[in-house]
Amino acid sequence: MRSEVNSTKIQTIVIGGGQAGLTAGYYLAKRGLPFLILDANAQVGDAWRLRWDSLRLFTPARYAGLPGMRFPAPGASFPNKQQVADYLVEYARRFRLPVRNGIRVDRLWKENDRFIMSAGNQRFEAENVIVAMANYQVPRMPSFARELRPEIVQLHSHDYRNPSQLQEGGVLVVGVGNSGADIALEVAQSHPTWISGKESGHIPWSIETLLSRHLLFRLVRFVGHHVLTVKTPIGRRVRPKMLHRAAPLVRVKPQDLINAGAEYVPRVVGVKDGLPLLADGRVGDVQNVIWCTGYERGFSWIDLPIFDGQGDAVHDNGVVTDVPGMYFVGLHFLYAMSSATLIGVARDADRIVNAVAARSQRKKSAPAPWLLAREPRGTDELVGSATGT
């Protein structure tokens, strides 16, 4: 017996309903192109809603709006995660974007000139596919984490919400990126806290000052949006490093953590007697471990030859030239340092939708292949012309 498969056919499928997918949808709708947005989350905005409770943007609200709709908060304020989630919900509603939530694409492949996507017992077919997701989707933890004592509470930053999830006793925060620094500063208020790892630098000024909110952010935005791009020598030089390295600390500074009572320790290299083993041979006698160790690439479901030896998608500013009709929006440093942010995603989405529109127009205006055939001299020539070979 065969399971029933529901099939949907449409010109363009956008996979991912976060800011990248919604922005691509905005431009597709503006051009009058048929499309559908598929998102694995239960509702729009969940990618933000399900992060830790105290999360706030690093950029003021005046820079956080997507095309066509300003962010509804005082321009100099730093929106929290719930405000961002609510904004995305309203954005999808205002522009009547066709988002289908709870649809997780488990395989994407191509048959002839059409992309096929499966999501459980549902099937989607499209001429174009825009993957609107960040590079990294799967929480990463070291393999030795499973060797820690079962009574130790372990959380990845992906699952951390607030200190109430922790038990009494010490907390080891592993990873000193922005998530690790933010979380460590919070838990240090109620728990003895140790921070393991090496930071990748930090912005030397406070982003909360009036000078930063009204002047310095304009400078940072200009550099991240126009200077550090794939079109400039400096952008091309720093891009490979930025793709595989944690970003500098933005809001929390190392001294802030020290002032809060947190203590820096060497990196975790393994487990000894069920406890975290540090590089200097010490053992961390803690009751909680929060792994702020980033994410693995999340594109294993794409069954197409588009990846390089490191597993990164090969594209030209978001256009996959080896697979016509496939595009990316929302990747880290897709075109510029700002590409994956609320600040920079619109420019990339606009460019990609222009490429989709141009391709769709070419396909629409192209004559049927058999009309291109000359008067055939034999059956083989007729077959070759009719199949476009």
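These legends describe close-up views of a predicted model. Local features need pLDDT of at least 70 and side-chain atom pairs count only at pLDDT 80 or more, while totals for chains, interfaces and linings use all residues. Residues are numbered from 1 along each chain as its sequence is written, and side-chain values use heavy atoms, with hydrogens and water left out.

**View 1. A salt bridge joins Arg107 and Asp303.** A salt bridge is a side-chain nitrogen of Lys or Arg within 4 Å of a carboxyl oxygen of Asp or Glu. Here the N to O distance is 2.9 Å. Arg107 belongs to strand 4 (residues 107–111), and Asp303 to the loop between strand 15 (295–297) and strand 16 (326–329), 196 residues apart. Strands (E, at least two residues) and helices (H or I, at least four) are DSSP runs, numbered from the N terminus. Arg107 is partly exposed because its relative accessibility is 35%; buried means under 20% relative accessible area, exposed over 50%, and partly exposed in between (1.4 Å probe, protein chains only).

**View 2. Glu125 pairs with Arg114 and with Arg123.** The N to O distance is 3.4 Å to Arg114 and 3.3 Å to Arg123. Glu125 has 11% relative accessibility and therefore counts as buried. Arg114, at 26%, is partly exposed, and so is Arg123, at 22%.

**View 3. Arg236 lies in helix 6 (residues 233–243).** Arg236 is partly exposed, at 45% relative accessibility. Neighbours within four places in sequence aside, Arg236 is in contact (heavy atoms within 4.5 Å) with Thr229, Val230 and Lys231.
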